[in-house]
Amino acid sequence: MIDLRSDTVTRPTEEMREEAAGAAVGDDVHGDDPTVAELEARAADVVGMEAALFVPSGTMGNQIAARVHTDRGQEVITDRESHVVRYERAGFAQHSALQIRTIDAERGLPTPEQVRDAYLEGGLHRPPTGLLSLENTHNARGGLALDPEQFSETAATAHELDVPVHLDGARLFNAAVAHDVDVTAYTEAVDSVMFCLSKGLGAPIGSILAGSAEFIEAARGIRKLLGGGMRQAGIVAAPGLTALENRSHLEIDHDNATRLANSLDEIEGLAITEPETNIVLADTGGLGLSAAEFLDLIEGEGVQASEFGPEIARFVTHRDVSATDIEDAIEAVTVAVSN
């Protein structure tokens, strides 16, 4: 089975397993795990931040950031299709008592004008704006890689209004690769950033939340509150160190996604959105099939993808899928829809 459901399905490499088995460990809640400390220091350096925190998931990282940056009863400005809106179970409301003000932003990035229009000073009847939350790459919009200059302009507008900016960068390195820039082209514009080790970088578990030393000190306490305090976590942090060195492989994933998209687009009735990173969206309506029906057909031929809408299927390339696998997947999908 060629699994293209997500880049979260990657399996740890033998090197990662060996690193995990031999990792030096301690009680991380007490700050005693040397492998976690090494990972946090290395991750902070990579994204150009003062400090970092190892967390079990990207969702937890985003929720911690919102809690630290804001006061209860404030508003968060974000795109209406952002991950924090669609996939985090109203966490901002549940954990931090925040209200979300959504913007229908082109490509998922609010313009400076949209930020100014959405901003509220607050008062007797209205809550003040407490945070701007951005996402890059943008998952629900097909893995779009935001332009660094436009991204910085939007973040700068929030800062002019004295509003902090958090970046949900679950696949941030994909964006940097797509625009051929260092990741700091994005992170230098924000107050905090979360990125996943367990997606395109291939680690079995974990994400990183990074920001100022003061921010991370506060974040550590919120991590404990949310149940994210880990003990001998070096065993899962060690593969994260290896994952950080996998950033260069993302270009291969992007090339594979482009090859997949170009070939699937040749299938009559299947409409493909040109990928910018490692996510390929396929509209199955022209085939007379729902996404679920399409997925059942291709799984019968040995390919897995995911349902992303009533007539939208999503394919995600990753480290465990080779160029040969992509060719086999193209053939399998072609056979499946022609039967």
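Me: Contact means heavy atoms within 4.5 Å, and helices (H or I, at least four residues) and strands (E, at least two) are DSSP runs numbered from the N terminus; which elements, then, do the buried residues of helix 13 pack against?

Reply: This is a predicted model, in which local features need pLDDT of at least 70 and side-chain atom pairs count only at pLDDT 80 or more, while totals for chains, interfaces and linings use all residues. Residues are numbered from 1 along each chain as its sequence is written, and side-chain values use heavy atoms, with hydrogens and water left out. Buried means under 20% relative accessible area, exposed over 50% and partly exposed in between, with a 1.4 Å probe and protein chains only. In helix 13 (residues 291–300) the buried residues are Ala291, Phe294, Leu295 and Ile298; seen down the helix axis, they fall within an arc of 100° (taken from the directions from the axis to the C-beta atoms), so they line one face. These residues pack against strand 11 (303–304), strand 12 (306–309), strand 13 (312–316) and helix 14 (323–338), whereas Asp296 and Gly300, on the other side of helix 13, are exposed.

Me: How should I read the side chains of strand 3, and which way does each of them point?

Reply: In a regular strand, side chains alternate between the two faces of the sheet. Here Glu75, Ile77 and Asp79 point one way from strand 3, while Val76 and Thr78 point the other way. Five of the five residues of this strand (residues 75–79) are buried, so strand 3 is largely enclosed by the rest of the structure.

Me: Which strands pair with strand 3, and over how many bridges?

Reply: Strands of a sheet pair through backbone hydrogen bonds, either parallel or antiparallel, and two strands are counted as paired if DSSP finds at least two bridges between them. Strand 3 runs parallel to strand 4 (residues 99–103), to which five bridges join it, and pairs in the parallel sense with strand 5 (residues 129–135) over three bridges. Glutamate 75 stands opposite glutamine 99 in strand 4 and opposite threonine 129 in strand 5, while valine 76 stands opposite leucine 131 in strand 5.

Me: In what order do the strands of the open sheet lie, and which of them stand at the edges?

Reply: The open sheet of seven strands has the order 2-8-7-6-5-3-4, with mixed pairing. Strand 2 (51–55) and strand 4 stand at the edges, each with a single partner strand, so one side of each is left without a neighbour in the sheet.

Technical notes:
Contact means heavy atoms within 4.5 Å.
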